[in-house]
Structure formats: C-alpha cells, structure tokens
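Please read them beside the coordinates.

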Amino acid sequence: MAAIDPTRGFLKDVKRIVIKVGTAVVTREDGRLALGRLGALCEQIQTLNTQGFEVILVSSGAVGAGRQRLRYRKLVHSSFADLQKPQVELDGKACAAVGQNGLMALYDTLFSQLDVTSAQLLVTDNDFRSPEFRKQLTETVDSLLSYKVIPVFNENDAVSTRRAPYEDSSGIFWDNDSLAALLALELKADLLVLLSDVDGLYSGPPSDPQSKLIHTYVKEKLENTITFGDKSRLGRGGMTAKVKAAVYASQAGIPVIITSGFAGDNIVKVLQGQHIGTLFHQDAHTWLSNGELNARDMAGAARESSRRLQAMPVKDRSKILLDIADALEANEKVIVYENEADVINAKDAGYEASLVSRLALKSGKISGLAKSIRVLANMEEPIGQVLKRTELSDGLILDKTSSPLGVLLVIFESRPEALVQIASLAIRTGNGLLLKGGKEARRSNAILHKIITSAIPEKVGEGLIGLVTSRDEIPELLKLDDVIDLVIPRGSNKLVSQIKSSTKIPVLGHADGICHVFVDKSADMEMAKNIVVDAKTDYPAACNAMETLLVHKDLMENGGVNELLIELQTKGVSINGGPRASPMLNLPAAPSFHHEYSSLTCTIEIVDDVHAAIDHIHKHGR
C-alpha cells in the first residue's frame with residue numbers, strides 16, 4: 001500500500017470532485033472503447049457516490065469512438081473500387097455525433113449495473129458566455145447531485161464552431177482538460193482529478209529513463225524545466241493541456257491531481273491521501289523541503305529578473321508594455337469571464353456592495369487599461385535621469401540620478417485593475433515585483449498575472465512578477481529585508497499599520513483620508529452641480545470619491561443647497577447630514593465626519609465661510 005502523504009491533509013475536507021478521463025484512458029490503441037478501464041472507473045465512482053462524495057465526470061473519447069464506428073460503416077458500404085481511391089479523413093463532427101451516443105450508452109449501461117444513474121450534459125465554448133446559462137448549469141448540477149446522479153460532461157464537438165488552432169485568445173475553454181478546470185471553478189468543486197495514461201507529470205517524456213515523476217508541481221520552479229512528449233494519441237490535449245488546466249485551476253484555489261487512469265483504484269487512493277500522481281496546489285511551495293522554492297526564492301527570482309530588465313534598451317522595455325497592452329485586449333473575453341465569476345462569488349459570500357463594486361471590471365475597463373499602458377510605454381524614460389548636479393570642487397561633479405528601487409512587495413485589496421497598473425509601472429521603472437491581491441479577486445488576479453507574465457520575454461523571465469496566492473506567505477516575505485527593498489500596502493489603515501509593525505523593510509503607506517468638496521456662495525451653481533455629482537457618482541467605491549460636501553451657509557437662503565441635494569438624489573445618492581445640516585434639512589444624522597462610505601452615500605454640512613471649510617477639512621480630512 002502506498003504511503004499516506006502528509007501534504008494532502010486537505011483531502012479530508014473534500015466533498016465535491018470533478019474527474020476528467022482522457023481519450024487515451026477511454027480508448028484502446030486500436031481506437032475501440034476500453035471496456036475494462038471504463039468499468040473500473042465506474043466502479044470507483046460508485047464507491048465514492050456511496051461514501052457521500054459528489055462526483056462530476058468529464059469524459060473525452062467520443063470523437064475516437066465515433067471514428068472507429070464510422071470507419072467500419074464506410075468500409076461496409078464501400079465497393080472494391082472505392083477502397084482503391086485515396087481515403088479522405090472522416091469528418092470530426094460526424095465522428096463526435098456518433099461517438100457521443102455510443103459513449104454515453106456505455107456509461108449508462110455500466111452505471112446501471114452498479115445501481116447508479118448518470119446524466120449527459122453537452123456544452124460548447126459559447127454556452128459559457130451567458131451568465132444565465134452558467135446560473136442554470138449550476139442549478140441543474142446541484143439538483144442532479146442531490147439525487148446522487150452522476151453528471152457526465154463532454155464538449156459538444158458535433159456542433160462546436162471552434163476550429164484549429166483550438167487554443168486562442170477568443171476561447172473560454174479549448175479541450176476537455178480546460179473544460180474540466182472551468183467546471184471545477186464554476187461548480188465550486190473541492191478537488192479536480194485528471195486521469196492520464198501515465199502516473200503523473202514527469203520531468204521529461206515518461207519513456208525516457210532519466211525522467212522522474214514530480215509529486216508536487218510548483219509553477220515558478222518547474223514550468224521552464226519540463227520537456228513534454230507527444231500530444232494525446234487521439235484527443236486534442238496531452239500532458240501539456242493537462243498541466244495548463246491544472247495550473248489554471250490550482251492558482252484559482254482548486255487543488256488538482258494528475259494520475260493514471262490505467263490503475264483500477266487510483267481515484268480512491270487519491271482520496272485516501274496516498275502519495276500517487278502529481279499534486280497542483282496554490283500553497284504547494286510552502287510544503288517543500290529547504291532548497292525548494294519558497295518566499296526567498298520568489299523574491300530572489302524577482303531581483304534577478306529585474307536586473308536583466310534594467311539592462312535592456314529603453315525601446316525593448318517599452319515594447320514589453322506594448323505587448324502587455326495587446327495581450328490584455330486580445331484576452332478581454334477571458335478576463336471578463338473570470339472577473340464575473342469573482343463578482344458572483346463575492347455576492348454569494350455576502351460581501352458589501354462597495355467591495356463588489358471595486359471588484360468588478362466594468363465595460364471598457366480593459367481597453368482603458370491597455371490605453372493607459374501604451375501612454376506609459378511612450379513616456380519619457382524614468383531611469384537614468386539626472387535629477388540634480390552639484391560641483392563639489394573643481395572637476396568633481398556629483399550627480400543625483402533616478403534609478404530602480406529593486407524588488408517591491410505590493411499588497412492590495414479588491415481591485416484587480418490595480419494588478420495591471422502596478423505591474424506596468426514596475427516594468428517601466430525596471431523593478432521586480434511581488435503582488436498579493438485580495439482573495440475575493442483570486443480568479444481575476446490569476447488570469448491577469450498569467451497574461452502579463454506571458455508577455456515578458458524569456459531573457460527577462462516570468463519571475464520578474466510573482467503572484468503571492470496565500471496570506472500565510474506574507475509574514476515570511478516581510479522578513480526578507482535583505483531581498484525586498486520596499487513594501488507598499490494599498491488598503492485600509494488597519495492593513496497599513498499591521499504591515500508597518502511586522503517588518504524592517506521600508507513601508508510606503510498612507511493614513512485614512514476623507515475627500516471633501518466645498519461650494520462657496522459665489523460659485524457658479526451649474527458648474528458646482530456637475531463637479532459635485534461627478535465627484536460622488538463617477539466611481540463611488542474609489543478612495544478619492546467625495547464623502548463630505550461642505551456648503552456655504554448663504555446657499556441655504558438662495559436655494560443653492562436644495563439644487564445640490566436634488567441633483568445628487570436624482571443620481572441615486574443617499575444623503576446624511578452633519579450636526580448643523582441634519583436638523584435644518586431634515587436629513588438622517590451622519591455616523592461621523594470620519595466615515596468613508598465608498599458607496600452612493602455622502603454627508604453634507606453647512607459652514608460659515610471658506611475659512612471654516614478649510615478648518616473642517618484640516619480637522620476631519622485625515
């Protein structure tokens with residue numbers, strides 16, 4: 001019996017599992033369905049179903065099975081003369097249509113023998129673009145699982161409009177491996193198991209005696225060191241596709257194990273915590289022995305990459321930013337899809353509306369970010385500028401020159417666009433970067449990080465920008481004052497204070513701040529109304545949105561205050577009053593002049609003049 005792996009303790013909490021079985025497992029070498037392996041698979045699923053697990057199956061093999069049957073039909077109906085002619089490749093969609101029917105019939109028969117009911121769900125890439133479809137999909141699967149029915153998913157290749165190359169910037173998933181990863185996230189699975197024709201991920205082709213099985217995969221350490229073999233014998237995927245799907249799902253918080261589907265009990269062994277297959281987990285690097293990748297290694301990789309970045313010509317560094325801008329626009333659909341999933345999860349988790357607003361990438365945001373990056377790329381070179389020159393003595397001149405800071409650790413909350421902005425600034429200024437975003441934006445951050453780092457040339461290295469995925473890593477990173485040069489926490493005052501008290505690294509922090517607008521008695525009221533409405537409603541969740549409106553007392557007499565109130569209320573803004581304004585305007589009392597609403601609510605207060613307004617801002621603005 002294999003040893004119990006202590007790094008897989010998380011398996012005790014697993015309830016919902018997505019199992020993906022590949023074409024190489026479903027079919028034999030001759031293309032026929034592998035009845036023995038499929039029977040063993042169904043028996044394992046029946047065991048898990050009996051034990052109370054919720055099992056979702058994603059099955060490849062329909063095209064291969066259909067091809068075998070259509071070849072036979074073609075042979076039967078061909079004349080001897082037909083067989084002498086060059087043979088045309090069978091239509092893949094026709095193969096899929098025939099194979100799906102036969103494959104599902106076999107699953108139904110095998111499961112029925114085990115007193116288990118299965119259900120077929122065929123999906124296409126375009127289906128997932130609809131929020132209504134995704135909602136209905138979740139409800140249907142939840143209903144099936146409540147009856148202990150096994151949902152069996154497959155991409156509906158018979159009607160899919162996708163053509164080779166299957167993986168491009170317009171897609172949401174490209175094969176059944178990426179479909180399985182997508183479903184694991186969409187259906188909130190606790191574990192994804194990818195069944196292959198080998199025992200897991202190897203350091204090279206499995207047939208090479210020098211290749212070793214990798215038990216725990218760490219992306220930053222291994223992604224450029226592994227040599228992949230051939231793609232799947234019959235399907236579109238292969239190990240490369242499985243690793244991409246596993247990295248995608250694990251970075252979004254779904255543990256993944258790649259193991260062999262040829263063994264008759266590997267799924268059960270996985271759930272028992274046995275040391276088989278290759279594990280992908282967002283916290284995997286924290287389990288590795290000394291010498292493997294850890295917080296120091298991540299920071300060190302950022303430092304080394306930043307030095308290579310600094311040595312590049314200015315035009316080459318600018319080109320990286322232009323490539324990032326292009327990549328963001330090319331992948332906008334995927335980014336929006338991942339962000340929508342984060343927003344839905346945040347709403348389901350009961351997050352405040354202000355946080356959900358900061359989390360959402362609204363229409364036009366990606367193109368706006370790309371435009372800003374291009375502007376940044378074309379700005380004057382920030383490195384090597386002489387800021388000050390002093391002649392200390394005859395012939396001895398001291399120059400103060402701008403230079404990169406080194407490695408930055410930036411901790412931010414909620415807003416995924418901040419990741420793009422920070423990364424772009426770091427690249428433009430030649431700095432290495434470690435990013436830690438809020439858990440509520442994990443899918444958005446993961447896809448944005450993947451797109452950005454994919455645009456960084458190999459001679460610099462993707463390690464230039466590291467994505468910290470666990471809060472447990474932060475204390476270790478804050479100890480690295482010899483590797484990290486500056487910490488920038490972007491968030492609440494509580495967060496900034498915690499960081500300052502936990503590290504010797506310089507911290508670029510900030511304090512609380514309440515943004516004010518003062519309208520004087522001499523103001524142009526039309527202009528004032530436009531400014532006030534824009535300051536509150538353009539982006540209420542932003543930290544620079546207006547929270548307190550101060551108005552001159554004379555505006556109470558000439559109707560100016562009422563005009564401002566009507567204008568704000570028309571735009572959906574709720575208004576609270578300060579000690580003077582509340583009774584005079586019959587408004588609810590404001591909780592405090594230091595309260596930051598971050599929503600469509602603000603405070604109004606009456607002041608005697610501009611000097612009183614300035615005094616108020618000095619007292620309550622920070």
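1. In this model β17 and strand β18 (residues 601–607) pair in the parallel sense over four bridges, where pairing requires at least two DSSP bridges between two strands, and strands (E, at least two residues) and helices (H or I, at least four) are DSSP runs numbered from the N terminus. Within β18, Thr 603 is the bridge partner of Asn 576.

2. The model is predicted, so local features need pLDDT of at least 70 and side-chain atom pairs pLDDT 80 or more, while totals for chains, interfaces and linings use all residues. Residues are numbered from 1 along each chain as its sequence is written, and side-chain values use heavy atoms, leaving out hydrogens and water.

3. The open sheet has four strands in the order β15-β16-β18-β17, with parallel pairing. Its edge strands, each pairing on one side only, are β15 (515–519) and β17 (574–577).

4. Helix α21 (residues 560–570) lies across β15, β16 (546–552), β17 and β18, at about 160° to β16, whereas helix α23 (residues 610–620) lies across β15, β16 and β18, at about 175° to β15.

5. The second largest cavity holds about 60 Å³ of space; a cavity is a set of points on a 1 Å grid over the protein atoms alone where a 1.4 Å probe fits but cannot get out, and lining residues have an atom within 4 Å of a point. Helix α5 (92–113), β3 (118–123) and β4 (150–155) each supply at least two lining residues, and α5 gives the most, with four.

Definitions and conventions:
Contact means heavy atoms within 4.5 Å. Axes are lines fitted to C-alpha atoms, for helices over the stretch in contact, and angles run from 0 to 180 degrees between N-to-C directions. On a 1 Å grid over the protein atoms alone, a cavity is a set of points where a 1.4 Å probe fits but cannot get out, and a pocket is an open set with protein on both sides within 12 Å along at least five of seven lines; lining residues have an atom within 4 Å of a point. Grid points are joined across faces, edges and corners, and a volume is the space filled by probe spheres set on the points.
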